[in-house]
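Let's walk through this model together, one question at a time. Have the sequence and the coordinates open beside you.

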Amino acid sequence: MEFESDFSQSEEYKSFRSTVPLRQIVVDNDALKVWKLYDAGPRCVRSPLVCLPPVSGTADAFYKQMLPLTARGYRVISVEYPVYWSVNEWCEGFRRLLDILEIDRAHILGASLGGFLAQKFAELTSNCPRVASLILCNSFTDTKVFNYVDSAPVFWMLPATLLKKMIIGRFPRKLMDSQIADSIDFMVERLDSLSQSELASRMTLNCFSSYVEPQKVQVEVTILDVFDESALSHSVKEELYKCYPTARLAHLKTGGNFPFLSRAEEVNIYILVHLRGYDGTSTSASDSGTPVDR
């Protein structure tokens, strides 16, 4: 019998899976590139919160955000992206997804790679903005921090087992509390569900030489990170702060690599504080209040 994490067996996760259907949307000419997503909350909202997972994540990685936030009237979409080998290609695919979903401008919560891609999307669409704001969770601005820039061009040919070892090798190894341990178990399950091409393409996006030009990211930013051990060093976090000197800082004492799972209640409070600033505006993520120009 295969191992199943405590989070996967929880009533909260089962409730999420039973109430929010998984959608599959093809946005490219290549019918094999299928975006998977969960979309919950009022469909009339044109500026929802869109959640982008880290390398190891799938569309259900943010299940602890979806039901609590939608219960407060917010529309939340959690996506899982198909195989893309370049940041520009990914951004074009994401733009087409927003068009199909009739999303004008999205508030984006991005974790690690998801946060990097969110920044690049905001940068590349700055002339015709599609991003309302950013929440960056344990994220970065330059792929060189992973020291795989030289290896990235050959990730496509590496076996899935080796790619998984490279990802899991960055998870903390010391003693941790049960919630952090459970979050790692849950994400390892998600990692095991990904194909070789999905893993290789995500690792390529994560490590191929690329960096954010923050002066082109003209949106409000909340930086959410942890003080305990994670895959990112203190210097990487400091560089993110320098890139966004006016960003709202949301620090968690602990939480590991996946605080949106291990410290969901705290993370959700920070998300609500961020989103409430847009209530009643044209980029509100909820259906409450009368929209006004922002």
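Contact here means heavy atoms within 4.5 Å. This is a predicted model, in which local features need pLDDT of at least 70 and side-chain atom pairs count only at pLDDT 80 or more, while totals for chains, interfaces and linings use all residues. Residues are numbered from 1 along each chain as its sequence is written, and side-chain values use heavy atoms, with hydrogens and water left out.

Q: Which residues is Ser 284 in contact with, leaving aside its neighbours within four places in sequence?
A: Start with the location: Ser 284 is found in the segment after α11 (264-276); helices (H or I, at least four residues) and strands (E, at least two) are DSSP runs, numbered from the N terminus. With neighbours within four places in sequence set aside, the contacts of Ser 284 are Val 45, Ser 47, Tyr 278 and Asp 279.

Q: Is Ser 78 buried or exposed?
A: Ser 78 belongs to strand β4 (residues 76-80). Buried means under 20% relative accessible area, exposed over 50%, and partly exposed in between (1.4 Å probe, protein chains only). Because its relative accessibility is 0%, Ser 78 counts as buried.

Q: How is α4 oriented relative to α5?
A: The axes of helix α4 (residues 87-100) and helix α5 (residues 113-124) come within 10 Å and cross at roughly 80°. Axes are lines fitted to C-alpha atoms, for helices over the stretch in contact, and angles run from 0 to 180 degrees between N-to-C directions. Angles under 35 degrees count as roughly parallel, over 145 as roughly antiparallel, 65 to 115 as roughly perpendicular and the rest as oblique. Therefore α4 is, relative to α5, roughly perpendicular.
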